[in-house]
Amino acid sequence: MNNEKLKNVFAVGETVAVEFKRCGNGIESDTYETVCSFLNRYGGDIFLGVEDNGTVCGVPKASAVGIVKNFIKMVGNPEVISPTVLVPV
């Protein structure tokens, strides 16, 4: 996603296909509910480290890699989300 498109996403805010999730030191459980919602519709984009109002709060640098790995592991786990999700990296 280029900078111009990203600016546009933040200017518009959350929609049926864009969700902002604050992400302290880990992924909050409602993020997986959003994944399921997107799977039951037309897909969408989840932005971690962003408040509901579009304020970028970031993700702690020390936690970022672990958060991404955990997210991919969870959405690929049929006990958490079924059908599982292929996350393009």
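In the predicted model, Thr31 is in contact with Lys21, Ile46, Leu48 and Phe71, leaving aside residues up to four places away in sequence. Thr31 belongs to helix H2, which covers residues 30-39. The relative accessible area of Thr31 is 0%; this value is under 20%, so the residue counts as buried.

Aromatic pairs were searched for across the whole structure, and 4 were found. Such a pair is described by the distance of the ring centres and the angle of the planes. For Phe10 and Phe20, the ring centres are 5.4 Å apart and the planes stand at 20°, so this pair is stacked. The pair links distant parts of the chain, 10 residues apart: Phe10 is in helix H1 (residues 3-12) and Phe20 in strand E1 (residues 18-21). The two residues were also examined for accessibility. Phe10 is partly exposed, with a relative accessible area of 25%, whereas Phe20 is buried, with a value of 1%.

A further stacked pair is formed by Tyr32 and Phe71, whose ring centres lie 6.0 Å apart with the planes at 20°. Tyr32 is part of helix H2 and Phe71 is part of helix H3 (residues 61-75), so the pair ties together parts of the chain that are 39 residues apart in sequence. Both Tyr32 and Phe71 are buried. Phe71 is also one of the residues touched by Thr31.

Beyond the pairs, one aromatic cluster is made up of Phe10, Phe20 and Phe47.

Definitions and conventions: Residues numbered from 1 in each chain as written. Predicted model: local features only at pLDDT ≥ 70, side-chain atom pairs only at ≥ 80, totals over all residues. Heavy atoms only, no water. Helix = DSSP H or I, 4+ residues; strand = E, 2+ residues; numbered from the N terminus. Buried < 20%, exposed > 50% of the residue type's maximum accessible area, 1.4 Å probe, protein only. Contact = heavy atoms within 4.5 Å. Phe/Tyr/Trp six-rings, centres within 6.5 Å; stacked < 30°, edge-to-face > 60°.
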